[in-house]
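Open the model in your viewer and keep the selection tool ready. The tour moves one selection at a time.

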Amino acid sequence: MDQIAVFKRDEKMEAFLHCNRVEIYEKQDETWLLVKTVSFPPVKGNTVKELRQETENIAVYAEDAKAILCKEITGIPFSVFDKKGYGIFCTEEAGEETFEGVITELKESDEKKRMKEEMIRNARPVETGTPGIYHLNLLDLQKECPEVSSKKALVSFLKQTPFLELHLICAHIPPWLEHDSTLEKKVRLQDGVSYVTITKKQC
């Protein structure tokens, strides 16, 4: 069941630090129903430790909701909910249309995350239509996944995969690769992009 936790001050949408209640809405069939309301004292803490502890206590009331809604949430409260894995949305109102938008956005975000994880898992050269000829566009890969280094994408491939040629597209040839004396590198520069053909040195 999709659930969303809406934080309010009484009946009004308000910034999280002023809120004193949470309403849990659940989608049943095609309708969003209010299934639970919990009241709590607004956050009073002034220190980082107090803010974090009070927010942790309030976060428990969001239970199994996929997302939280309030008018505004920043700083420590934001990081507490974010760390717990809730989707966080700031909005002036909370109705069926808003809830549907939140769930759609969460699903799209999950799909993007899944695709990115898959891209990182498969971050290595792929064989072209010609056996033994491989290709990797490092520029595109690092644009989508900046956390993937050239070493992560290439080292295990170069060590473990028998290949005739590797065609690499990159901004510049990585220094570690340039200094690898077991490989031949032919570089062609075009419009600020390096097209590198790599082969293994023949004895």
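Select Gln3 and Glu26 together. In this predicted model, their side chains make a polar contact at 2.6 Å. Gln3 sits in strand β1, and Glu26 sits in strand β3.

Stay on Gln3. Is it buried or exposed? Gln3 counts as buried, because its relative accessibility is 13% and the cut-off for buried is under 20%. Now show what surrounds Gln3. Leaving aside neighbours within four places in sequence, Gln3 is in contact with Ile24, Tyr25, Glu26, Trp32, Val35, Asp64, Ala65, Lys66 and Ala67.

Switch to Glu26. Glu26 is buried and yet has no salt bridge. Which side chain of opposite charge is nearest to Glu26? Lys36 is, and Lys36 is 10 Å away. Colour the surroundings of Glu26 next. Not counting residues up to four places away in sequence, Glu26 touches Met1, Asp2, Gln3, Thr31, Trp32, Leu33 and Val35.

Select Asp2 and Lys66. Their side chains meet in a salt bridge, 2.6 Å from N to O. Lys66 lies in the loop between α1 and β5 and Asp2 in the segment before β1, so the pair ties together parts 64 residues apart in sequence. Check the exposure of each partner. Asp2 is buried, at 15% relative accessible area. Lys66 counts as partly exposed, at 41%.

Go to Glu11 and Arg21. This salt bridge is 3.2 Å from N to O. The two residues are 10 apart and link distant parts of the chain: Glu11 is in the loop between β1 and β2 (12-13), and Arg21 is in strand β3. Glu11 is exposed, with a relative accessible area of 60%. Arg21 is buried, with 15%.

Move to helix α3 (residues 96-121). Arg114 and Glu111 both lie in this helix, 3 residues apart, about one turn. They form a salt bridge whose closest N and O atoms are 2.8 Å apart. Arg114 is partly exposed at 39% relative accessibility, and Glu111 is partly exposed at 35% relative accessible area. Salt bridges with shared partners join Lys8, Glu11, Arg21 and Glu23 into one network. How many salt bridges does a search of the whole structure find? It finds 11.

Hide the charged residues and turn to the nonpolar ones. In soluble globular proteins, nonpolar side chains tend to be buried together. The largest nonpolar core here has 22 residues. Select Ala5, Phe7, Phe16, Val22, Ile68, Ile73 and Phe81, the residues that touch the most other members. The elements giving two or more residues to this core are β1 (3-9), β3 (21-28), α1 (48-59), β5 (67-70) and α2 (75-83).

Centre on Ile73. Beyond its neighbours within four places in sequence, Ile73 is in contact with Phe16, Ile68, Phe78, Phe81, Ile88 and Cys90. Then select Leu154, Phe157, Phe163 and Ile198. These residues are included in a second, separate core of 20 residues.

Finally, zoom out to the whole chain. Its secondary structure comes to 6 helices and 11 strands. The C-alpha trace spans about 80 × 45 × 30 Å along its principal axes. The radius of gyration is 26 Å, whereas a compact globule of 203 residues would have one near 17 Å. Buried residues make up 39% of the 203 residues. Of the contacts between residues at least 6 apart in sequence, 49% join residues at least 24 apart.

Note on methods: Residues are numbered from 1 along each chain as its sequence is written. This is a predicted model: local features need pLDDT of at least 70, side-chain atom pairs count only at pLDDT 80 or more; totals for chains, interfaces and linings use all residues. Side-chain values use heavy atoms; hydrogens and water are left out. A nonpolar core is a set of buried Ala, Val, Leu, Ile, Met, Phe, Trp, Tyr and Cys residues joined through side-chain atoms within 4.5 Å. Buried means under 20% relative accessible area, exposed over 50%, partly exposed in between (1.4 Å probe, protein chains only). Helices (H or I, at least four residues) and strands (E, at least two) are DSSP runs, numbered from the N terminus. Contact means heavy atoms within 4.5 Å. Lys and Arg count as positive and Asp and Glu as negative; His and the chain ends are not counted. A salt bridge is a side-chain nitrogen of Lys or Arg within 4 Å of a carboxyl oxygen of Asp or Glu. The radius of gyration is taken over C-alpha atoms; the globule rule is 2.2 Å times the number of residues to the power 0.38. A polar contact is a pair of N or O atoms within 3.5 Å; within protein, one must be able to donate a hydrogen and the other to accept it, and residues adjacent in sequence count only if both atoms are side-chain atoms.
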